[in-house]
Amino acid sequence: MRTTQGSFIPPSEITPESVWIGRRRWLQQAALGSLALGAAGLARAADDESPVGPVLKAPLDARWSTTEKPNGWRDITTYNNFYEFGTGKGDPSAHAGRMALQPWAVKIDGAVQHPMTLDIDDLRRLAPLEERIYRLRCVEAWSMVIPWIGYSLSHLLKQVGPTPDARYVVFTTALQPDVMPGVRQGILDWPYTEGLRMDEAMHPLTLLTFGVYGRELPAQNGAPLRVIVPWKYGFKSAKSLVHIRLQSEPPVTSWMRAAPREYGFYANVNPAVPHPRWSQATEQRIGSGFFAPRLQTRPFNGYADEVAALYAGMDLRQNF
Ligand code: MTE
């Protein structure tokens, strides 16, 4: 006698459980969304180009935004680098949904007059949010255009009162080994650490970022808050911040420690200085199609008018 029981394969065995859980969560969200929107919402909620997640709106800041067409929601939220969750571009969207996001606080200390620990709601309310459409150029020679939501990091740094010793800012990001498969594999020296010189951190383009596309940041993009530094290679834009420290000495960042010849402290987008293993002269815009011509990468990712003066007199081959 045949039973159907033996042929039943639970979905959790076909797909890795975390991928399956992520997908199930997405479907639940989509279902909730369509209930709220009514029948007309059904098609929209099922369309993976439609942003999902809690709404976070802000007026467009045209002064600091490119007029290039932003990438779609799907590219931005499924083609990611977040090594805590693995090295594959799809790993963050598959696994990051398991990160614990509440409660969330960021400690700001070091060379400051007023060290403080602020929770995510305090941080979000600290200054008016703006939408900034930035180009993001990854060191792996691909790029996207992304409508971020946040405010200049300088607003927060002014609150803590930097002392004259504050010459560098160090960002440390969340470490939750139980839900971060990449951390267990030891790809980098964790927690992920990045840094900026104080004048870079105070530049109005440097965005403390809480959202994207009119929604709160999805986990894979660095929820609940990250930094975005658009004239530098993407790895400088640390995700899921928990600690901001001001200090007199330049930090040794995670990538510098992993491969000092390949990743420098400055990491300004520079088509004239190749990565030791590949050219940085051109880039592939994600979503533009396989046969689309590669774009010429611009110095400082096209933000030279705004930031080149920060590096006057410096040899940018030495300080890569
Ligand atoms: N932040 C953390 N904590 N861990 C990471 O692995 N990857 C960086 C950066 N921030 C990374 C990180 C790299 S290499 C890039 S290109 C950008 O995040 C990618 O951001 P996105 O996935 O939102 O496009």
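Hi everyone. Let me start with a definition: a residue is buried when its relative accessible area is under 20%, exposed when over 50%, and partly exposed in between, with a 1.4 Å probe and protein chains only. By that scheme Asp121, at 38% relative accessibility, is partly exposed.

Some housekeeping before we go on. This is a predicted model, so local features need pLDDT of at least 70, side-chain atom pairs count only at pLDDT 80 or more, and totals for chains, interfaces and linings use all residues. Residues are numbered from 1 along each chain as its sequence is written, and side-chain values use heavy atoms, leaving out hydrogens and water.

Now, the salt bridges. I count one when a side-chain nitrogen of Lys or Arg is within 4 Å of a carboxyl oxygen of Asp or Glu. How many salt bridges does this rule give? The count comes to 18.

Back to Asp121, then. Its side chain meets that of Arg124 in a salt bridge, 3.8 Å from N to O. Both residues belong to helix 6 (residues 120–125), three residues apart, about one turn of the helix. For the record, helices (H or I, at least four residues) and strands (E, at least two) are DSSP runs numbered from the N terminus. Arg124 is buried, at 19% relative accessible area.

A second pair is Asp109 with Arg245, at 3.9 Å from N to O. This one links distant parts of the chain: Asp109 is in strand 1 (residues 105–110) and Arg245 in strand 10 (residues 241–247), 136 residues apart. Asp109 counts as buried at 16%, while Arg245 is partly exposed at 35%.

Then there is Glu262 with Arg277, where the closest N and O atoms are 2.7 Å apart. Is each end buried or exposed? Glu262 is buried, with a relative accessible area of 19%, and Arg277 is exposed, at 57%.

On to the ligand, which I expect you will want to look at. A residue is near a molecule if one of its heavy atoms lies within 4 Å of it. There are 16 residues around the ligand, and Asn80, Tyr83, Glu84, Arg226 and Lys239 come nearest.

For polar contacts I take pairs of N or O atoms within 3.5 Å; within protein, one must be able to donate a hydrogen and the other to accept it, and residues adjacent in sequence count only if both atoms are side-chain atoms. The side chain of Thr173 has an N or O atom 3.2 Å from a ligand nitrogen. The side chain of Asn221 places an N or O atom 3.0 Å from a ligand oxygen. With Ser237, a backbone N or O atom lies 2.9 Å from a nitrogen of the ligand. On its own the ligand has 540 Å² of accessible area (Shrake-Rupley, 1.4 Å probe), and the protein covers 99% of that 540 Å².

Last stop: Asn301, in the loop between strand 12 (295–296) and helix 11 (304–307). Asn301 is buried, with 3% relative accessible area. A polar atom of the Asn301 side chain lies 2.8 Å from the backbone oxygen of Pro230. Thanks, and happy to look at any of these together.
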